[in-house]
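Try each task before reading its solution.

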Amino acid sequence: MQILPFYAVCDESGSMSADIDTLNKALFNLHQEISTNPTIADKTRFGLIGFSTDANELQPLVDLSDLDELPALEASGLTSFGNAFSLLQQAIERDVQQLKADGHDVYRPVVFFLSDGVPTDSDWEQPYQELLSAAFRPHIIAFGIGQADRTVIAQVATFKAFMQEEGTADPAVALREFAASLTRSIVRSVSGATAAGQGMSLQVDDHVPGFTAVSLDKL
């Protein structure tokens, strides 16, 4: 079977305290929509990583129809991008190898990255570059809200980047739109392939309500 893995890598540092429940509810809705659609759930897998001072694999990669509910994010600590990228690389290498061993055709993983701040670890770029140098390097769609730095968000993204619109959208709305965009990407990437009888291709919003698109870094 063809499998497209998705990972949500979400900032759960202390600055997310006021809005973490909103994000958890939005991810609850994502789980409800995907898990009740067997066509979509069969062809995708979903993993959840939360990061603050440390990074934690809150939900290892799973068929969402096999899961009763997603674990909740809890806000505390600092904003270590480096720990998030190191853990993400470990998870992707393990998961892709296991899916292949199980006989699946595996597409390049897709990461939806969300942060509301700037990295507090000065050496985060090293694990980030190691992630991008790996054989199973993912496509990264990066979202910045609150005090996130537009330049950093653009640097993290490899596919598309979005920043919360200044002064027009509150964080709760932005977080719901982040999860909704992730849900749409999962559904469209699989539905398009199923309808056309072809392999899957990544489908991501060009525009996300409450966000502005960010130009990616030029090399």
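**Exercise 1. Contacts and overall build**

Among contacts in the protein between residues at least 6 apart in sequence, what percentage join residues at least 24 apart?

*Solution.* Before counting, a word on the ground rules: the model is predicted, so local features need pLDDT of at least 70 and side-chain atom pairs count only at pLDDT 80 or more, while totals for chains, interfaces and linings use all residues. Residues are numbered from 1 along each chain as its sequence is written, and side-chain values use heavy atoms, with hydrogens and water left out.

Step 1. Take a contact as heavy atoms within 4.5 Å. Of the contacts between residues at least 6 apart in sequence, 77% join residues at least 24 apart.

Step 2. List the elements, where helices (H or I, at least four residues) and strands (E, at least two) are DSSP runs numbered from the N terminus. The protein has six helices and eight strands, and from the N terminus on they run β-α-α-β-β-α-β-β-α-β-α-β-α-β.

Step 3. Check the dimensions. The radius of gyration, taken over C-alpha atoms, is compared with a globule rule of 2.2 Å times the number of residues to the power 0.38. A compact globule of 219 residues would come out near 17 Å, and the protein has 16 Å, which agrees. Along the principal axes, the C-alpha atoms fill a box of roughly 45 × 35 × 35 Å.

Step 4. Call a residue buried under 20% relative accessible area, exposed over 50%, and partly exposed in between (1.4 Å probe, protein chains only); then 52% of the 219 residues count as buried.

**Exercise 2. An aromatic cluster**

Find which residues the ring pairs link with Phe-51 into a cluster.

*Solution.* Step 1. Apply the pairing rule: rings of Phe, Tyr and Trp (its six-membered ring) pair if their centres lie within 6.5 Å, and planes under 30 degrees apart count as stacked, over 60 as edge-to-face and the rest as tilted. The count by this rule is 14 aromatic pairs.

Step 1. Start with Phe-51 and Phe-81, an edge-to-face pair at 5.7 Å centre to centre with 90 degrees between the planes. Phe-51 belongs to strand β2 (residues 44-51) and Phe-81 to helix α3 (residues 81-101), so this pair ties together parts 30 residues apart in sequence. Both Phe-51 and Phe-81 are buried.

Step 2. Move on to Phe-113. Its ring centre is 5.5 Å from that of Phe-51 and the planes meet at 20 degrees, so the pair is stacked. Since Phe-113 lies in strand β5 and Phe-51 in strand β2, the pair ties together parts 62 residues apart in sequence. Phe-113 is buried, at a relative accessible area of 0%.

Step 3. Collect the members: ring pairs link Phe-51 with Phe-81, Phe-85, Phe-113, Trp-124 and Tyr-128.

**Exercise 3. Charged side chains**

How many salt bridges does a search of the whole structure find?

*Solution.* Step 1. Require a side-chain nitrogen of Lys or Arg within 4 Å of a carboxyl oxygen of Asp or Glu. The search gives five salt bridges.

Step 1. Look at Lys-160 and Asp-206, whose closest N and O atoms are 2.4 Å apart. Lys-160 sits in strand β7 (residues 160-164) and Asp-206 in the loop between α6 (171-196) and β8 (211-214), 46 residues apart.

Step 2. Compare Arg-188 with Asp-205, which meet in a salt bridge at 2.7 Å, N to O. Arg-188 is partly exposed at 42% relative accessibility, whereas Asp-205 is buried at 6%.

Step 3. Now take Asp-95 and Arg-94, bridged at 2.9 Å, N to O. Salt bridges with shared partners join Glu-57, Arg-94 and Asp-95 into one network.

Step 4. Finish with Asp-116, in the loop between β5 (110-115) and α4 (125-133). With Lys and Arg counted as positive, Asp and Glu as negative, and His and the chain ends not counted, Asp-116 is buried yet has no salt bridge, and the nearest side chain of opposite charge, Arg-176, is 15 Å away. Leaving aside residues up to four places away in sequence, Asp-116 touches several residues, among them Asp-11, Ser-13 and Gln-147.
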